[in-house]
Amino acid sequence: MSTVDTIAAVATAPGRGGVGIVRVSGPLTLEIARALTGRKLPPRAAVYCGFRDGDGAALDRGIAIRFEGPNSLTGEDVLELQAHGGPMVLDMLLERVLSLGARRADPGEFTQRAFVNGKMDLAQAEAVLDLVNSATRQAARGAVRSLSGEFSKHVHAIAHEVLELRVFCEGAIDFSDEDIDFLSESDVGERLASVRKRLSKLRARARQGALLKDGLNVVIAGAPNVGKSSLLNRLSGEDRAIVTSVPGTTRDTLDADFDLDGMPVRVVDTAGLRDTGDAVETEGINRAHRAMAAADVVLWVVDDRAASGGPGGDACTGAATIIVRNKADLSGRPTGSISLGAVRICALTGEGVDALATEIKQAAGYRAGEGLFTSRARHLDALAAADAALAAAAERLAANYGELVAEDLRDAHGHLGAIVGRISADDLLGEIFASFCIGK
């Protein structure tokens, strides 16, 4: 990526609004600011002024703020133009900036320049997008913590400990022809065990962070007329699904989103599973099976008055299944948790739904609380790979294979470095930043 050229983009969401922002970054920023405003802008000061086209005619009036590099978002000279938020106004303003030598920014290019110029590491850069896409307050707070470096701080600390072990082990290899066995007579084993313990705790927190970011896909399934649609309405807090006493009312999947203790959840209602000759209902049942196959958690709903309590052959693989015995108002039995993975509720009145929410969180392994940060699947993969490398190092250390211990530590260090961006994989960087919106 070249950072010699100057980039520009509309940094606010498409559509009409009270204020819209055009962002500029690069070496031509000061020249563009002077041509647009007719004045030299002082750094880090909000200046109310007019924006002019090439003929000197007014485009709009608004606020211009100039930031001198390296003390800016991207580490370069940056200009932010706050104009009225009409699409035509912003298009005209952007075209004027482009005519002065800038080019249109690629998706995520402002954040990518911030990463390249050392203003943030890769995990922090990814947290920018996580913050923009946050579906719950807890997820937004977690993204802010990652953006402020909370996740990176733990990764760096563990990576530093691994590096110290690498230095010691590789140094010991240089003295392998001496009579002293440096590895066996040192505390490397204890230090390695301590690092693995810290990494295990970080992996657990990162899994929580991934749930904050990605949320949970919950599918409601079961036979017709057991109250699946009523449960969808109860969980979502709105009348999303039609509820009738006629079996087979739901013939397609229907979804809704809700916040479960800060974790975003998408719950999907499905057609009742039964044998039928109706072509439309059959397609709905096929879609129900596909939804179950893609679920993180399946809520298998049964009528509490029925003897059967399990999904049997309809159970999907790869998803945790919770048996939900509904219609406790008709059975007369008490609501609440029955056993691990089974709960009795009344979707009509909401009784027992709190216990169901607890079961869902347990099935997902989610524990709400402060101090969580967002993380991604690639972070989890890298942490798992680092853990595997450290486990291999511990085994080889016990077998006194010093050279191989050093190699395993090098692998672990590399996996940890990949999280924060100490890598040279341009294709990975391109994939990450391409998912950003224009202007970020």
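Let's start with helix H3 (residues 109-116), which lies across strand S1 (7-10), S2 and S6, running at about 135° to S1. Keep in mind throughout that this is a predicted model.

Those strands belong to an open sheet of six, and reading across it you get the order S3-S4-S5-S2-S1-S6, with mixed pairing. At the edges you'll find strand S3 (47-52) and strand S6 (103-104); each has a single partner strand, so one side of each is left without a neighbour in the sheet. The partner of S3 is strand S4 (residues 58-67): the two run antiparallel and are joined by six bridges. If you want a spot to look at, find Cys-49, whose bridge partner in S4 is Gly-62. Helix H1 packs on this sheet too, touching strand S2 (17-25), S3, S4 and strand S5 (78-85), and its direction makes about 80° with that of S3.

Two packed helices are described by the angle between their axes and the distance between the axes. For helix H1 (residues 29-37) and helix H2 (residues 87-99), the angle is about 125° and the axes are 10 Å apart. The crossing of H1 past H2 is right-handed. On the H1 side the contact uses Ile-32, Ala-35 and Leu-36, and these meet Leu-93, Arg-96 and Val-97 in H2. Sort those contact residues by type and you have five nonpolar, no polar and one charged.

Now move along the chain to the other sheet. This open sheet has seven strands in the order S8-S9-S7-S10-S11-S13-S12, again with mixed pairing. Its edges are strand S8 (254-260) and strand S12 (336-339), each with a single partner strand, so one side of each is left without a neighbour in the sheet. On average, neighbouring strands here are turned by 25° against each other, direction ignored.

S8 runs antiparallel to strand S9 (residues 263-269), with seven bridges joining them. Along that pair, Asp-257 stands opposite Arg-266 in S9, and Leu-254 stands opposite Asp-269 in S9. The hairpin of S8 and S9 has two residues between the strands, and Asp-261 takes a positive phi near 55° there.

Finally, turn to a pair of helices, H7 and H12. The axes of helix H7 (residues 188-214) and H12 come within 10 Å and cross at roughly 160°, which makes H7 roughly antiparallel to H12. H7 passes H12 in a left-handed crossing. By type, the contact residues divide into 16 nonpolar, one polar and four charged.

One of them, Asp-387, deserves a stop of its own. Asp-387 sits in helix H12 (residues 377-398). Is Asp-387 buried or exposed? Its relative accessibility is 18%, so Asp-387 counts as buried, the cut-off being under 20%. Leaving out residues up to four places away in sequence, Asp-387 touches Arg-196, Leu-199 and Arg-203.

Methods
Residues numbered from 1 in each chain as written. Predicted model: local features only at pLDDT ≥ 70, side-chain atom pairs only at ≥ 80, totals over all residues. Heavy atoms only, no water. Axes fitted to C-alpha atoms, helices over the stretch in contact; angles between N-to-C directions. Helix = DSSP H or I, 4+ residues; strand = E, 2+ residues; numbered from the N terminus. Left-handed = near helix turned anticlockwise from the far one by under 90°. Contact = heavy atoms within 4.5 Å. Nonpolar A, V, L, I, M, F, W, Y, C, P; charged D, E, K, R; others polar. Pairing = 2+ DSSP bridges. Buried < 20%, exposed > 50% of the residue type's maximum accessible area, 1.4 Å probe, protein only. Parallel < 35°, antiparallel > 145°, perpendicular 65-115°, else oblique.
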